[in-house]
Amino acid sequence: MKLMTLAAGLVLAASAAFADPVEGTWKTQPGDDGNYGLVTISTCGADICGVLGQGYDASGKKIASPNIGKQMIWGMKPAGDGAYKGGKIWAPDRDKTYNSKMTLSGNQLKVEGCVLGICRGQTWTRVK
């Protein structure tokens, strides 16, 4: 029994050791409408994806939105040295999907996207 417990502990430790450093919950910057959200980023197979978890108005009050639970990031691939590329990001404030890249630096995530030569970006802050 002790051996099984030890083996289970090693599997859990190995899983945590191989977690991608970008995984976690991120607070977006306010969009055009002043609202911001919490995005949970995780691995989806070999890719990185993100889902909108909760939205807030400019005063920090939770808001109801049909966008909660919607995938915002998909197809992002780790490129080394904190860089991610090749993915897509959906911006709820403009209801547009952009070709995207991300750069992780500590607890800050620079998210950039372009569509038809028009680009925009934000810096998100890690919540947990």
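## How the cysteines pair up

If you number the bonded cysteines of the protein in sequence order, what is the pairing? The answer is 1-2, 3-4. Keep in mind as you look around that this is a predicted model.

The count comes to two disulfides. As a reminder, a disulfide is a covalent bond between the sulfur atoms of two cysteines.

## The link of Cys-44 and Cys-49

Let's visit one of the disulfides, which is formed by Cys-44 and Cys-49. Their sulfur atoms lie 1.7 Å apart.

Are these two cysteines buried or exposed? Cys-44 counts as partly exposed because its relative accessibility is 36%. Cys-49 has a relative accessibility of 5%, so this residue counts as buried.

## The link of Cys-114 and Cys-119

Now find Cys-114, which a disulfide joins to Cys-119. Here the distance from S to S is 1.9 Å. The angle about the S-S bond is 110°, and the link is right-handed. Cys-114 has a relative accessible area of 30%, so this cysteine is partly exposed.

## A buried aspartate

Next, look for Asp-20 in the loop between helix H1 (2-17) and strand E1 (24-27). Asp-20 is buried, yet this residue has no salt bridge. Which side chain of opposite charge is nearest to Asp-20? That is Arg-126, and it is 7.7 Å away. A salt bridge would need a nitrogen and an oxygen of the two side chains within 4 Å.

What does the side chain of Asp-20 reach at 3.0 Å? You will find the backbone nitrogen of Val-22 there. Leaving aside residues up to four places away in sequence, Asp-20 touches Thr-43, Ile-48, Pro-78 and Tyr-84.

Definitions and conventions: Residues numbered from 1 in each chain as written. Predicted model: local features only at pLDDT ≥ 70, side-chain atom pairs only at ≥ 80, totals over all residues. Heavy atoms only, no water. Disulfide = S-S within 2.5 Å. Buried < 20%, exposed > 50% of the residue type's maximum accessible area, 1.4 Å probe, protein only. Helix = DSSP H or I, 4+ residues; strand = E, 2+ residues; numbered from the N terminus. Lys, Arg positive; Asp, Glu negative; His and termini not counted. Polar contact = N/O pair within 3.5 Å; in protein donor to acceptor, adjacent residues only side chain to side chain. Contact = heavy atoms within 4.5 Å.
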